[in-house]
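Visitor: I would like to learn how to read aromatic contacts in a model. Could you walk me through them?

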Amino acid sequence: MLEELVKIDQDIFLYLNGLGTPTWDGLWIYLSRTLSFVTIPIYLFILYYTYRSFGLIKTIYIVITVVALLLSTEQLSIIVKNSVARLRPCHDEEISLLVRNVRNHCGGKFGYFSAHAANSSALAGFFSLLFYKKNKLILLGLTSWALLVSYSRIYLGVHYPLDIITGLTVGTTLSLLYIFLLKKLPIFKSSYFI
């Protein structure tokens, strides 16, 4: 059963990764960056919108919570990668010659699960939940961004779809947990979000 799932995951990866063309490589490399002319305005907008919605003191609490959330997703990803020890597609001798490795850089040896997918979905989930009742466009924008970042990892040849799906699930789940914890703080008891 597990071998069958791994084979399906490899086949879907090879299909999606094979769709890439040099024309689009630059876009997907850029979307995969943590800091870029795409992400910095997103982060600044979120920070500004949070400040305008909650004021300085609550924004400080929110920023601290988001830092803890991102540290959690990052560290959990490292622990799981080293425990599961599933090779990235570009390191897997079984398929590495078929992989379109766009940057000729593979990253660490293990890839399950994607920290990029976990971090972007954690951010998207957290702020979507925080502002859902106030502005549903944030949900649409941040979810679209997280999905594009996640797909970029398959496009670049460094993660399987299951790595991405798991990362998205972990990030979203942790964002729910951290929103729940934030709501428990006395300063947020009267705040109007989920």
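Predicted model: local features only at pLDDT ≥ 70, side-chain atom pairs only at ≥ 80, totals over all residues.

Visitor: Then how does Y61 count, and at what relative accessibility?

Guide: Y61 has 37% relative accessibility, so it counts as partly exposed. F188, at 1% relative accessibility, counts as buried.

Visitor: How many aromatic pairs does the structure hold?

Guide: There are 13 aromatic pairs. One of them joins F13 and Y160 edge-to-face, at 5.4 Å centre to centre with 65° between the planes. Planes over 60 degrees apart count as edge-to-face, which is why this pair gets that label.

Visitor: Where do F13 and Y160 lie?

Guide: F13 is in helix α1 (residues 2–18), while Y160 is in the loop between α5 (136–155) and α6 (161–184), so their pair ties together parts that are 147 residues apart in sequence. Both F13 and Y160 are buried.

Visitor: And what is the geometry of the pair formed by Y61 and F188?

Guide: Y61 and F188 are also paired edge-to-face, with 6.5 Å centre to centre and 85° between the planes. Y61 belongs to helix α3 (residues 39–84) and F188 to the segment after α6, so this pair links parts that are 127 residues apart in sequence. Y61 and F188 also belong to one aromatic cluster, whose members include F45, Y49 and F54.

Visitor: Which charged end sits over the ring of Y160?

Guide: That of R86, 3.9 Å from the ring centre. Likewise, the charged end of K134 sits over the ring of Y49, 5.6 Å from its centre.

Note on methods
Residues numbered from 1 in each chain as written. Heavy atoms only, no water. Phe/Tyr/Trp six-rings, centres within 6.5 Å; stacked < 30°, edge-to-face > 60°. Helix = DSSP H or I, 4+ residues; strand = E, 2+ residues; numbered from the N terminus. Buried < 20%, exposed > 50% of the residue type's maximum accessible area, 1.4 Å probe, protein only. Lys NZ or Arg CZ within 6 Å of the ring centre and 35° of its normal.
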